[in-house]
Amino acid sequence: MSDLQEVVNADIVSAEDSSMAVVDRDSAAPQGVPCGACGCPVEAGERFCPACGSPQSEQAEQARDAEEAASAFFRCQNCGCEMSADLQQRSYVCPFCDSTYVAEFSPSLTDRQRPEFVIGFAVTPDQAREKFFQWIGQNSWFRPGDLRAAQIVDKQKGIYLPFWTFSMLAESQWEGAIGEYWYRTETYTERDSKGKMVTKTRQVRETEWWPLSGRHHRYYSGHLVSGSRGLQQREADQLLPFQLPAMKRYQPYFVAGWLCEEYSLARDEALALCQQEFFRHEQSHVAAFLPGDTHRSLNVQTQFSHVNSDLCLLPIYMLTYRYKDRLFRFLVNGQTGKVAGEKPVSWNRIWAAIGGGVVALVLLILLLMLLSGL
């Protein structure tokens, strides 16, 4: 695949409405490489400019080569993340592990798939910083007093992270046992409040089991697998969902001016993770499909076919910092504004609050005892 590139001197347009982090799904995005004769965007694969009719195959190839030549690629020696960035900037702080150990590598040494779709940033950097201050300010009494949030926020960066999305058909053979409830009347004796033996009846539920087997199929799509080893799947899941209908066909100018990570999780690895998730969904759907009142010993064998994949670049603001030798991370979904992360706490203050609560409870008990004695 062709690697991620940056276009020099591209303009970055922020969201018009700073109060709403929503992507307009109906807005038309510019597509293709500008025509060398008239500047009209020409989509990939088009041999002639739709405006002036100039031949485009050779011009498009030259433009693509120029874009690739204008990109720098870096690999963090600490966590292994790989990013494309500005040629003019040679010193970097890794947004994943806050490390300054980075090394340049050539994209020609790798055989990478070119991104197919991208979702633009709808949350501005100022809005992302404000979200951090709001988030870190929650339960601020338990925050360490020496945590200087105003200095930490400067490390927040907008970055396009790679995600794999798959669609596939799941076909399952299943077998198990279904249970149907029925009730019988049971007679029993017990002592009443006066100590006499009395006879009563009650309804007892029984289950009748029947073996059953069958087939089930379903088409699955839309699950996102993080293509970054620096962003664990559990962290990515906290930022979901993204509005996938807002995706646009990838062009290098979409990521101009932003950090952009190369995927480090290969397609086959991501496919295996996605199939595990789809298999769990298939088990749930088969169980919901079964007749009867309950079931047991359900065994589902699933085969996946018609597998299609897309490599997407999704917008995320990332803030990684260290506090007392521990790494913390704050994330913002750059499309919807959803936040996730872990913040440091002061255990001295927490224990002080617990101790104060215990003292207050003891005083309340003593007060009640004194009042009851009066």
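User: Over which residues does pLDDT stay under 50, with 79 contacts beyond four places in sequence?
Analyst: Over residues 1-28. This is a predicted model, and pLDDT is the predictor's confidence in each residue, from 0 to 100. Residues 87-91 also stay under 50, and the model has eight contacts beyond four places in sequence for them.

User: What is the mean pLDDT of the chain?
Analyst: The mean is 77. Of the residues, 70% reach 70 or more.

User: How many helices and strands does the chain have?
Analyst: There are six helices and 13 strands. Buried residues make up 39% of the 374 residues. Among contacts between residues at least 6 apart in sequence, 74% join residues at least 24 apart.

User: What makes phenylalanine 121 and tyrosine 160 an aromatic pair, and which kind is it?
Analyst: Look at the distance first. The centres are 5.0 Å apart, and the limit for a pair is 6.5 Å. Now the angle. The planes stand at 75°, and over 60 counts as edge-to-face. The pair is therefore edge-to-face.

User: Which parts of the chain does that pair tie together?
Analyst: Phenylalanine 121 lies in the loop between strand S6 (117-118) and helix H2 (125-137), while tyrosine 160 lies in strand S7 (residues 157-191). The pair ties together parts that are 39 residues apart in sequence.

User: Are phenylalanine 121 and tyrosine 160 buried or exposed?
Analyst: Buried means under 20% relative accessible area. Phenylalanine 121 has 13%, so it is buried. Tyrosine 160 has 2%, so it is buried too.

User: Why is the pair of tryptophan 164 and tyrosine 263 called edge-to-face?
Analyst: The ring centres are 5.1 Å apart and the planes are at 70°, so the pair is edge-to-face. Tryptophan 164 lies in strand S7, and tyrosine 263 in the loop between strand S10 (259-262) and helix H5 (267-289). These parts are 99 residues apart in sequence. Tryptophan 164 is buried at 0% relative accessible area. Tyrosine 263 is buried at 11%.

User: How many aromatic pairs does the structure hold, and which residues form one aromatic cluster?
Analyst: The structure holds 15 aromatic pairs. Phe121, Tyr160, Trp258 and Tyr317 form one cluster.

User: Why does leucine 366 count as partly exposed?
Analyst: Its relative accessibility is 44%. Buried is under 20% and exposed is over 50%, so a value in between is partly exposed. Leucine 366 is found in helix H6 (residues 347-373). It also belongs to a nonpolar patch on the surface, with about 1,100 Å² of accessible area together. Other members include Ile354, Val358 and Met369.

User: What is the phi of serine 297, and is the residue buried or exposed?
Analyst: Serine 297 has a positive phi of about 55°, although it is not a glycine. Most residues other than glycine have a negative phi. Serine 297 sits in strand S11 (residues 294-323). Its relative accessibility is 61%. Exposed means over 50%, so serine 297 counts as exposed.

User: Is the peptide bond from leucine 240 to proline 241 cis or trans?
Analyst: It is cis, with omega near 5°. Most peptide bonds are trans. Proline 241 is found in the loop between helix H4 (233-239) and strand S9 (248-249).

Notes
Residues are numbered from 1 along each chain as its sequence is written. This is a predicted model: local features need pLDDT of at least 70, side-chain atom pairs count only at pLDDT 80 or more; totals for chains, interfaces and linings use all residues. Side-chain values use heavy atoms; hydrogens and water are left out. Contact means heavy atoms within 4.5 Å. Patches are made of residues with over 30% relative accessible area and no salt bridge: like charges are joined within 9 Å, nonpolar side chains (Val, Leu, Ile, Met, Phe, Trp, Tyr) within 5 Å. Accessible areas come from the Shrake-Rupley method with a 1.4 Å probe; for residues, only the protein chains shown count as cover. A salt bridge is a side-chain nitrogen of Lys or Arg within 4 Å of a carboxyl oxygen of Asp or Glu. Helices (H or I, at least four residues) and strands (E, at least two) are DSSP runs, numbered from the N terminus. Buried means under 20% relative accessible area, exposed over 50%, partly exposed in between (1.4 Å probe, protein chains only). Rings of Phe, Tyr and Trp (its six-membered ring) pair if their centres lie within 6.5 Å; planes under 30 degrees apart count as stacked, over 60 as edge-to-face and the rest as tilted.
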